[in-house]
Amino acid sequence: QSVLVVNCLLICVSLLFSQCQSGWREYENKCYFFSTDTKSWLEANEFCLEEQGHLASFHTEEELSFLIALIQQSPTGISMWMGGHDSMTEGGWEWTDGSPFRFIHWNAGNPDDYYGEDCLSMLINNGYWNDDNCEYKRGYICKRRGEK
Ligand SMILES: [Ca+2]
Ligand SMILES: [Ca+2]
């Protein structure tokens, strides 16, 4: 019984101090939502905007590792959309949240702009990035600011 009480305390306290709404995971004052429901990049982008966020941007190895670890807990075999695109200028990658595109984690041989690929997806098995066909249906990751 005391184990139950301790477990509840841990969960209740973490809920009390969580910056993120339910279903979102917190990391360093940011909230992340990942969906294995598939959408095109534009549809996924719209979904994240409706949630007051953006498709996720990544800026450090640690931030990316946090997400890769989460995703690999529920292996789906699908790629996930992120907020990077080079649809304005070919090769001029930018994040939809306006943050600087400095940290990169490209998979070998990418970006290759294969038949005009302009949207950034993460390969689920290794977390490396691919420039991908924006029309494809992928899972997606949203990111938003914490609330406190
Ligand atoms: Ca491109
Ligand atoms: Ca590619």
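This is a predicted model: local features need pLDDT of at least 70, side-chain atom pairs count only at pLDDT 80 or more; totals for chains, interfaces and linings use all residues.
Let me start with a bond between two cysteines: Cys20 and Cys31 are joined by a disulfide (a pair of cysteine sulfur atoms within 2.5 Å), with 2.0 Å from S to S. Cys20 lies in the loop between helix H1 (2-17) and strand S1 (25-27), while Cys31 lies in strand S2 (residues 30-39), so the pair ties together parts that are 11 residues apart in sequence. Helices (H or I, at least four residues) and strands (E, at least two) are DSSP runs, numbered from the N terminus.

Residues are numbered from 1 along each chain as its sequence is written, chains are lettered from A and ligands numbered from 1 in the order in which they are written, and side-chain values use heavy atoms, with hydrogens and water left out.

Another disulfide is formed by Cys48 and Cys142, with their sulfur atoms 2.0 Å apart. This pair links distant parts of the chain, with Cys48 in helix H2 (residues 41-50) and Cys142 in strand S8 (residues 138-145), 94 residues apart.

Cys119 and Cys134 also form a disulfide, their sulfur atoms being 2.1 Å apart, and the torsion about their S-S bond is about 100°, so that link is right-handed. Cys119 is buried at 2% relative accessible area, whereas Cys134, at 22%, is partly exposed.

Let me turn to the metal. The protein donors of the calcium ion (ligand 1) come from Asp86, Glu90, Asp113, Glu117 and Asp118, and lie 2.3 to 2.9 Å from the ion; donors here are N, O and S atoms within 2.8 Å of the metal (3.2 Å for Na, K and Ca), and, as water is not among the atoms, sites may look incomplete. Asp86 lies in the loop between strand S4 (80-85) and strand S5 (94-95), and Glu117 in the loop between S5 and strand S6 (119-122), so the pair ties together parts that are 31 residues apart in sequence. Asp86 is buried at 1% relative accessible area, and Glu117 is buried at 9%.

Notes. Buried means under 20% relative accessible area, exposed over 50%, partly exposed in between (1.4 Å probe, protein chains only).
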